[in-house]
Amino acid sequence: MKDNSSFIKRNPILTGLILGGLVVLIFWWLIPEKENTVSIDRSQFTQAFDSAYAADIEESGTIHEFELTADETTLSLVEGIEFEGFAYNNQVPGPIWRIVKGDTIKINFTNELPQETTIHFHGIRVPNAMDGVPGVTQDPIQPGDSFIYEFTPKDAGTYWFHPHVRSSEQVEKGLYGVIIVEDPEEPEYSQDEVWMVDDWRLNRDGTLDTRFNTGHDLMHDGRWGNLITVNGEMEEELIVKPGERIRLRLANVSNGRVYELDFDSLGAQVIAIDGMLTSSAFDANGFELAPGNRIDVDIIIPQDAAGQNFTISDKFILGRANTLGVLKVEGESVSTPNFAPPNNPNIPNWNGAENMEPDKTFDLNAITGMGMMGLAWTLNNKAYPDYDPLTLKEGEFQTIEFNNKTARLHPMHLHGQFFKVLSRNGKAVDEPYFRDTVLVHASETVVVGLVPLDEGEWANHCHILEHAEAGMMSIITVE
Ligand SMILES: [Cu+2]
């Protein structure tokens with residue numbers, strides 16, 4: 001028979017070591033893992049936000065009223081070949097509306113499509129009821145029905161609009177337009193142009209491939225086309241004079257394609273991202289324009305460039321450059337407008353916030369055997385309309401981590417909010433600008449910081465439209 005008490009008496013040191021080890025183990029279990037994260041007072045980041053952009057807008061009283069109809073239309077991208085697409089006001093791209101900051105926009109919208117639709121105004125901080133998310137901020141607009149969208153944008157900049165119902169089909173077929181909110185305090189350029197960059201997947205005969213949300217699109221980075229257009233044209237041309245200073249606003253309205261921009265030898269400088277001015281201008285070459293993103297660049301045409309062409313291209317896929325458009329320099333030279341690039345000096349740096357434990361983590365992932373075509377894209381293992389809710393406090397600095405568990409791209413877009421990237425893969429990043437859409441690369445972790453100013457139920461989704469349609473969306477409540 002064993003006698004435990006005699007074991008302890010005979011081996012006091014060994015017993016002590018075993019008991020001590022047990023105590024250490026228990027403590028190691030009980031104490032939460034806090035070593036890697038630093039407790040930081042977040043009020044300093046809220047204070048640093050200060051008035052980087054305004055909570056409210058003073059209305060000018062001017063109302064711009066527009067009629068807008070979505071309808072089926074006949075399109076042609078290859079000469080002599082027609083196909084059925086969708087269009088706003090019978091034009092692809094849709095209208096470009098320009099208003100002045102403080103003005104109100106009123107859109108009398110009618111749906112003449114054979115299916116439901118809504119309009120989302122990407123990047124514009126609208127009242128929640130105007131945000132166009134079906135089942136969340138409004139009911140889908142039925143065929144033949146009308147809806148009035150009315151709001152006063154709070155921020156100057158380049159914004160775009162598109163359907164938020166069956167968007168992978170409706171946007172691809174041609175439904176998109178642009179809203180420019182001008183700030184009279186910003187300097188005047190020789191030309192101020194918009195380039196809506198899209199890609200289309202055509203069949204061999206030049207008609208549109210009408211297979212949407214295919215298994216291939218869903219499993220990869222959405223629907224990438226085989227024909228790139230700018231403002232509906234292949235190799236768009238912009239005629240410029242030597243010495244002119246151009247504000248070129250590019251919007252990526254593609255379903256899935258990312259463009260890595262190359263501005264030839266133009267020395268193009270970024271002055272705004274996703275609508276908002278940057279804190280200082282920087283080299284535009286290499287910027288990754290993901291679906292949803294906008295970029296405003298400041299280009300000075302050299303005085304001695306008469307007769308030259310400058311090619312603006314995409315180099316996202318190594319070794320395969322795509323021409324987006326060409327600036328053709330013609331005519332007599334003009335004197336170059338002389339001003340410092342417009343900027344927003346109030347953008348907070350939020351240095352150190354990347355060391356905080358994120359307030360919320362969204363794992364970006366996929367589940368097979370679920371949803372359309374047997375694949376669902378998920379946020380925290382939930383596919384919309386099922387989702388992991390998040391409530392953010394209005395007026396307070398908070399952080400969100402996007403943790404990409406997949407080998408695909410996910411440009412994450414928050415409705416109604418601007419945010420700043422704080423870190424990528426744990427390394428601090430100091431982008432001198434806010435965004436509304438951030439490209440999360442394969443297996444990458446991106447942490448963003450924001451101070452929500454607009455209450456409501458806001459969509460949080462991947463802007464690869466096939467991924468969003470297959471579930472990669474949640475709702476964030478700001479209160
Ligand atoms: Cu995605």
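**Domain layout, sheet pairing and core of a predicted model**

The protein divides into three parts: domain 1 (47-184), domain 2 (186-341) and domain 3 (353-478). These bounds come from an automatic or database domain assignment. The structure is a predicted model: local features need pLDDT of at least 70, side-chain atom pairs count only at pLDDT 80 or more, and totals for chains, interfaces and linings use all residues. Residue numbers start from 1 along each chain as its sequence is written.

The C-alpha atoms fill a box of roughly 105 × 50 × 50 Å along the principal axes. The protein has 6 helices and 30 strands. Both are DSSP runs numbered from the N terminus: helices are H or I with at least four residues, strands are E with at least two. Of the 479 residues, 46% are buried. A buried residue has 20 or more other C-beta atoms within 10 Å of its own, an exposed one 12 or fewer, and a partly exposed one falls in between, with C-beta atoms placed from the backbone. Among contacts between residues at least 6 apart in sequence, 76% join residues at least 24 apart. Contact here requires C-beta atoms, placed from the backbone, within 7 Å.

The centres of domain 1 and domain 2, taken over C-alpha atoms, are separated by 21 Å. Their contact takes 25 residues from domain 1 and 27 residues from domain 2. On the domain 1 side, strand 2 (83-88), strand 7 (157-162), helix 4 (167-170) and strand 8 (177-182) each give two or more residues. Strand 7 gives the most, with 5 residues. By class, this side of domain 1 has 14 nonpolar, 7 polar and 4 charged residues. Ala, Val, Leu, Ile, Met, Phe, Trp, Tyr, Cys and Pro count as nonpolar; Asp, Glu, Lys and Arg count as charged; the others, Gly among them, count as polar.

An open sheet of 6 strands has the order 10-9-12-17-14-15, with mixed pairing. Two strands pair if DSSP finds at least two bridges between them. Strand 10 (227-230) and strand 15 (276-283) are the edge strands, each pairing on one side only. Neighbouring strands of this sheet are turned by 25 degrees against each other on average, direction ignored. The axes behind this angle are lines fitted to C-alpha atoms, for helices over the stretch in contact, and angles run from 0 to 180 degrees between N-to-C directions.

Strand 9 (residues 191-200) and strand 12 (residues 245-252) run parallel and are joined by 7 bridges. Gln191 has Ile246 of strand 12 as its bridge partner. Strand 14 (residues 269-273) and strand 15 run antiparallel, with 4 bridges. There, Ile273 is partnered by Met276 of strand 15. The hairpin of strand 14 and strand 15 has 2 residues between the strands, and Asp274 takes a positive phi near 50 degrees.

The largest nonpolar core holds 119 residues; Ile179, Met196, Val197, Val297 and Val448 touch the most other members. Such a core is a set of buried Ala, Val, Leu, Ile, Met, Phe, Trp, Tyr and Cys residues joined through C-beta atoms within 7 Å. Beyond its neighbours within four places in sequence, Val297 contacts residues including Leu248, Phe263 and Ile271.

Two further residues were examined. Asp50 lies in the loop between helix 3 (43-49) and strand 1 (63-75). Asp50 is exposed because 9 other C-beta atoms lie within 10 Å. Thr445 is in strand 28 (residues 445-450). Thr445 is buried because 20 other C-beta atoms lie within 10 Å.

Key. Two residues are in contact if their C-beta atoms, placed from the backbone, lie within 7 Å.
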